[in-house]
Amino acid sequence: MAQKTYAGVTVDVNEEGYFTNPAQWTKEIAAEIAKEEGVVLTDKHMAMLDYLRDRVSKGEVLTIRGVGKSGIVDIKGFYEMFPGAPMKKATKIAGIPKPASCI
Amino acid sequence: MSEEKYPLKKVCIICAKGTIEDVYATLVMGNGAVMEGIETKIFFTFFGLDAITKKQMMKLHTGTVGNPAMRMPGGLPFPSILGMLPGVELGVSAMMKGQMEALDIPKVDEFLEMITAGGGEIYACKLAMDMFKLKKEDLWEGVLGVLTVGEFYEKCDGQQTQIIFT
């Protein structure tokens, strides 16, 4: 298993850089991954990361549709917050596995 | 020696059929591409136009005749002659929609909105519009334009681009 160091902490990641143990994640770590991904984290970003982590901890499957109903941001806003591939980027920054969903 | 990779930059999807499964194949592939950050353009033509025609888009059906992959719940064969009976197509279509709802798959209009919210573009085919006597105002509001084949191909330019016919 690969390891990476963020904010002075060594964490376990898979070959694509996704956390294998979400418990190792902190807000400081999130800020550093976000920098790697070219995203500057605002309060709204943090709320979204919390939402995603909460869903995953409850064993739910993440979907773009779900994010649109989160009450934090609409789908268009989500694409603007994490430009490019938003779900992949957001989950990487949130320290959770890459979502296995087609929608 | 590491192999050079050329990830997809753009996908252009053509949808020419109007059954639930044909339209959803297009919508899932299109939305999936948008989610991956791939530039996405979808061209609806012939019966595929139903998916972006206001009057029809929420009333798509699955054909119950001549589909050998169609089976009864439980796996028994579904004879075509049964599919011809009045109401069967409606019932099967309702069942398909129920299954999709259970998997949190959005309805056609919401799915199209998800695609365009992520920057995906939706186009209609001019020739098919003329054939079916449709006007731009008959189409879903998010349709970006009515294009000739040539105009659509122009939009499919560039390296690492693929055209998909569903």
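Colleague: What should I know about the model and its numbering?

Modeller: In this predicted model, local features need pLDDT of at least 70 and side-chain atom pairs count only at pLDDT 80 or more, whereas totals for chains, interfaces and linings use all residues. Residues are numbered from 1 along each chain, chains are lettered from A in the order in which they are written, and side-chain values use heavy atoms, without hydrogens and water.

Colleague: How do you know how many residues of chain A and chain B are in contact?

Modeller: Contact means heavy atoms within 4.5 Å, and 13 residues of chain A are in contact with 16 residues of chain B.

Colleague: What makes the pair A:Arg65 and B:Asp104 a salt bridge?

Modeller: A salt bridge needs a side-chain nitrogen of Lys or Arg within 4 Å of a carboxyl oxygen of Asp or Glu; the closest N and O atoms of A:Arg65 and B:Asp104 are 2.7 Å apart, so the pair qualifies. Between chain A and chain B the count is three salt bridges.

Colleague: Why are residues such as B:Phe111 and B:Leu112 in helix α4 of chain B called buried?

Modeller: Buried means under 20% relative accessible area (1.4 Å probe, protein chains only), and helices are DSSP runs (H or I, at least four residues) numbered from the N terminus. In α4 (residues 108–117) of chain B, the buried residues also include B:Val108, B:Met114, B:Ile115 and B:Ala117. Their cover includes α3 and α4 of chain A, together with α1 (20–35) of chain B.

Conventions:
Buried means under 20% relative accessible area, exposed over 50%, partly exposed in between (1.4 Å probe, protein chains only). Helices (H or I, at least four residues) and strands (E, at least two) are DSSP runs, numbered from the N terminus.
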